[in-house]
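Me: I am new to this one. Can we go through it feature by feature, with the general idea ahead of each case?

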Amino acid sequence: ISGIYWADPIGLVIGAWPIHTFFVFAAFALGLTLLFTRGVPFRNHIIRLYAILWAILGAVSLLGFINASTWDFAAHISLYCFGAGAYAMNLCLLLERRPEFSRMLLWAVIAGGLCSAWSGLNQYFTGFENTRDFIYQQEIKSGEKIVTGQFATRLSESRVSADFTICNTYAGYLAAVFPVIIAMFWTLGGKVTPPLLSRIILSVPFAALFLFLLKETGSRGGILAIGAGLIIVALVLKMPKKLRIMSLAAIPIMIAAFITMVKMGRGFKSMEFRFDYFDSAVRMMFREPLTGVGWGDFFHEYTWTKHLVNTESPHSPHNFILSLGSQCGVPGFIIASAVILLPVAAGLFILYRIFRQEKKDFEDIALKTALNIGIVSWTVDSLLEINFETPGSTCTAIALSLMLMSSPEFRVFNIRRIEDSCGITAKHWRIGWLIFTAVS
């Protein structure tokens, strides 16, 4: 890393690190947590289940080696899956043994979201113009035309991506984080007099900033995801009958507005290609149900399985579940489905129970509603974009999910009875997790 940033050491702190460092640091952090946290038994089994599912995802990703023609990519993505599992386990341990860490983690996510928003604004107001000026100067010096083809198209679109490589992935990150930021500042406003005015002053600017950045990403999937998140969560909330009818009536209006926006923008053509990716991915999965076509081979297989005549050559189907399903088979599809849907189901269940309690903490309700909106939005976006392959997006979603599922209201079943009947103790869990740390 120092070799990359030797001229700019500040980049070590706020810059984009190489993705290959992620699983190393995740495993190292898990090892430290296991060494310095002692024998307090788990009190919330649902977050342990979630962390274990991520660990199983790492194991299942090894199936992608069997038919892989590009072993370097298979090694990279499998290590990444193990790193995500180590990260989820690390947060699980911390949240169980130090519940107050949840608040620190929340502020860390908010700080990251605000830094990312600053980066996006900087890119919008100065970044694109600086890039064009630099390229123009290079063309003058070299006497050659640099901005041609796809590069010229991307540069002319000026779609904001901030610190992310792809603007669509950045939109999914915004959809996950900004509902939490808005809710947090709305809650803080309630502690200042007059509370209503303070809440408006603190939260409305962040809502406007979110909508502006989301629009400038040009991501139709991101806009669809946040709309779906709002609708799904609204259906769970306990509200007066008239308000519920108004919410349902707003759904076709939102759909019509989305269609109008798409038609006035880039149209539906690229969205047709996206569904063609999905169709090809499903056929690959059923052709090789146990092992998939292998990591990296979606890129090769799609060129002759696609239905639409196009020049598209995607490296993944732009869908979390189908990416695992097509390249690791049905086992990958099942585990990926469980990983991505468990937080949604658990979060909505928590919200359902909270709204039916007699005594309500409205600040807690606001935060958990925002967490639900963010998680549902990220989940929907991950079925349309390549969020899974981006550590910043995936790990933020893991953190939000674990914060929500560590809620004391969530008591569905008790795994401890199963553990006792099988003779599983805290020592066995620690040994198993140390082994996983070593593998990661």
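Me: Is Phe-178 buried or exposed?
Reply: Start with the cut-offs: buried means under 20% relative accessible area, exposed over 50%, and partly exposed in between, with a 1.4 Å probe and protein chains only. Phe-178 has a relative accessible area of 0%, so Phe-178 is buried. One caution on the source: this is a predicted model, where local features need pLDDT of at least 70, side-chain atom pairs count only at pLDDT 80 or more, and totals for chains, interfaces and linings use all residues. Residues are numbered from 1 along each chain as its sequence is written, and side-chain values use heavy atoms, with hydrogens and water left out.

Me: How many aromatic pairs does a search of the whole structure find?
Reply: A pair of aromatic rings is described by the distance of the centres and the angle of the planes. Rings of Phe, Tyr and Trp (its six-membered ring) pair if their centres lie within 6.5 Å; planes under 30 degrees apart are stacked, over 60 edge-to-face, the rest tilted. The search finds 16 such pairs. Take Tyr-124 and Phe-212: their ring centres are 5.1 Å apart and the planes stand at 85°, so this pair is edge-to-face.

Me: Where do Tyr-124 and Phe-212 sit in the chain?
Reply: Helices are DSSP runs of H or I with at least four residues, numbered from the N terminus. Tyr-124 belongs to helix H5 (residues 101-142) and Phe-212 to helix H8 (residues 195-217). They are 88 residues apart, so the pair links distant parts of the chain. Tyr-124 is partly exposed at 31% relative accessible area. Phe-212, at 27%, is also partly exposed.

Me: What are the ring distance and plane angle for Phe-178 and Phe-210?
Reply: The centres are 5.5 Å apart and the planes meet at 20°, so this pair is stacked. Phe-178 lies in helix H7 (residues 167-189) and Phe-210 in helix H8, so the pair ties together parts 32 residues apart in sequence. Phe-210 counts as buried, at 6% relative accessibility.

Me: Which residues do ring pairs link into a cluster?
Reply: Phe-22, Tyr-50, Trp-54, Tyr-80, Phe-320 and Phe-388.

Me: How many salt bridges does the structure hold?
Reply: A salt bridge is a side-chain nitrogen of Lys or Arg within 4 Å of a carboxyl oxygen of Asp or Glu. The structure holds 7. Among them, Arg-98 meets Glu-100 at 3.2 Å, N to O. Arg-98 is partly exposed at 39%. Glu-100 is partly exposed at 45%.

Me: Which residue forms a salt bridge with Glu-216?
Reply: Lys-215, with the closest N and O atoms 2.9 Å apart. Glu-216 is buried, at 14%. Lys-215 is exposed, at 55%.

Me: How many residues apart are Asp-279 and Arg-283?
Reply: They are 4 residues apart in helix H11 (residues 269-287), so about one helical turn separates them. Asp-279 is partly exposed at 30%, and Arg-283 is partly exposed at 33%.

Me: Where is His-318 found?
Reply: His-318 is in the loop between helix H12 (298-305) and helix H13 (320-354). It counts as buried, at 16% relative accessibility.

Me: What does His-318 touch?
Reply: Contact means heavy atoms within 4.5 Å. Not counting residues up to four places away in sequence, His-318 touches several residues, including Arg-274, Tyr-277, Phe-278 and Glu-385.

Technical notes. Helices (H or I, at least four residues) and strands (E, at least two) are DSSP runs, numbered from the N terminus.
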